[in-house]
Amino acid sequence: MLKLAVFGDPVAHSLSPRIHSAFARQLGLAVDYRAIAVPAGQLPAALASFRADGGSGANLTVPHKQDAVALCDRLDRAARQAGAVNTLVAEEEGWHGCNTDGAGLLLDLDRLGLSIEAARILIVGAGGATAGILGPLLDRRPAAIHLANRHRERAQALAARFHGVSAGGFDDLPTDRSFDLLIQATSLGHLGKVPAIEPRWLQVGAAAYDLNYGQAHRPFAAWCKRQDLPVFSGFGMLLGQAALAFEEWTGKRPDPWALASLGNL
Ligand SMILES: NC(=O)c1ccc[n+]([C@@H]2O[C@H](COP(=O)([O-])OP(=O)(O)OC[C@H]3O[C@@H](n4cnc5c(N)ncnc54)[C@H](OP(=O)(O)O)[C@@H]3O)[C@@H](O)[C@H]2O)c1
């Protein structure tokens with residue numbers, strides 16, 4: 001029996017136990033996957049006791065993704081680029097830290113037929129999720145990536161860690177830009193709100209992808225509908241990153257899209 005868990009705070013709402021249990025059934029593997037509530041600062045002790053109980057892999061969510069970097073003996077390239085870990089794999093000594101968020105997003109964009117190559121991408125939001133997706137998006141060689149964030153300094157500091165990413169606030173977007181993919185990466189949907197996006201920033205034929213899903217996706221989905229802008233929720237990214245984490249632990253990749261019925265794909 002493979003012992004796995006997601007650590008976070010809050011974590012009771014997490015869909016990860018259902019997703020990973022379904023992956024295990026799909027592949028005929030015995031997996032015990034739990035959600036474990038761990039407050040900020042208490043991850044080292046929680047991981048030590050999980051390991052002592054036979055835990056061999058974990059997912060991390062808010063507030064642990066960044067703090068976990070210092071706890072890993074080894075990081076994959078995506079975790080190094082993001083400065084954040086969403087997947088831990090037990091090794092003989094210590095933990096291997098991975099970040100499957102960006103690759104999970106790419107799996108979903110491919111499924112949706114949204115091309116990144118040569119695209120002009122506007123990402124609204126510059127938090128941990130944006131840090132996780134930038135490296136994998138850049139690997140696909142888009143024509144441009146611009147970050148717009150409420151606190152422009154945060155966006156500028158993040159952009160400075162990557163080659164070829166520009167950044168600013170909402171009121172200083174370059175006027176010559178018109179984007180063909182809008183990625184909504186703020187947490188405003190959880191407050192029932194949308195960021196101050198100007199439709200004139202977007203080209204005719206543009207599409208939008210919201211990292212939020214479920215209830216938190218609804219405000220942005222409604223805004224996009226009013227602009228006649230096709231929009232997709234981040235539920236596919238959630239399934240994609242989970243499938244890649246499951247592969248890190250088991251060596252087998254489940255079919256994430258078989259779980260469409262768990263959410264709105
Ligand atoms: N689909 C998936 O698998 C997946 C994976 C990861 C995250 N997510 C979702 O993506 C969202 C972002 O996550 P995160 O980890 O990046 O969060 P985070 O690190 O807390 O960053 C939050 C972002 O939202 C912005 N924001 C928050 N309140 C705002 C307000 N009142 N007005 C304008 N901007 C505001 C922040 O701007 P400032 O910097 O100016 O504060 C920042 O850019 C969350 O809703 C999360 O659930 C989804």
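In which loop does Pro10 lie?

Modeller: The model is a predicted one. Pro10 belongs to the loop that lies between strand E1 (2-8) and helix H1 (16-27). The peptide bond that joins Asp9 to Pro10 is cis, with an omega of about 5°. A cis bond is also found from Val62 to Pro63, where omega is near 5°. Pro63, too, is a loop residue, placed between strand E3 (55-60) and strand E4 (74-75). A further backbone feature concerns Ala118, which is not a glycine and yet has a positive phi of about 70°. Ala118 is located in the loop between helix H4 (101-112) and strand E7 (120-124).

Strand E7 leads on to the sheet. Six strands form an open sheet in the order E9-E8-E7-E10-E11-E12, and their pairing is parallel. Strand E9 (165-168) and strand E12 (231-232) are at the edges with a single partner strand each, so one side of each has no neighbour in the sheet. The partner of E9 is E8 (residues 144-148), and four bridges join these two parallel strands. Within this part of the sheet, His146 is opposite Ser166 of E9.

The ligand can now be considered. The ligand is situated in the largest pocket, and 20 residues surround the ligand. The closest of these are Ala129, Asn149, His151, Arg154 and Asn212. By class, the shell comprises eight nonpolar, 10 polar and two charged residues. Two helices, H5 (128-139) and H8 (235-250), each contribute at least two residues to this shell.

For Asn212, a polar side-chain atom is 2.4 Å from a ligand oxygen. In the case of His151, an N or O atom of the side chain is 2.7 Å from an oxygen atom of the ligand. For Arg150, the corresponding distance from a side-chain N or O atom to a ligand oxygen is 2.8 Å. On its own, the ligand has 930 Å² of accessible area, of which the protein covers 78%.

Methods
Residues are numbered from 1 along each chain as its sequence is written. This is a predicted model: local features need pLDDT of at least 70, side-chain atom pairs count only at pLDDT 80 or more; totals for chains, interfaces and linings use all residues. Side-chain values use heavy atoms; hydrogens and water are left out. A residue is near a molecule or strand if one of its heavy atoms lies within 4 Å of it. A polar contact is a pair of N or O atoms within 3.5 Å; within protein, one must be able to donate a hydrogen and the other to accept it, and residues adjacent in sequence count only if both atoms are side-chain atoms. Accessible areas come from the Shrake-Rupley method with a 1.4 Å probe; for residues, only the protein chains shown count as cover. On a 1 Å grid over the protein atoms alone, a cavity is a set of points where a 1.4 Å probe fits but cannot get out, and a pocket is an open set with protein on both sides within 12 Å along at least five of seven lines; lining residues have an atom within 4 Å of a point. A molecule sits in a cavity or pocket if more than half of its atoms lie within 2 Å of its grid points. Ala, Val, Leu, Ile, Met, Phe, Trp, Tyr, Cys and Pro count as nonpolar, Asp, Glu, Lys and Arg as charged, and the others, Gly among them, as polar. Two strands pair if DSSP finds at least two bridges between them.
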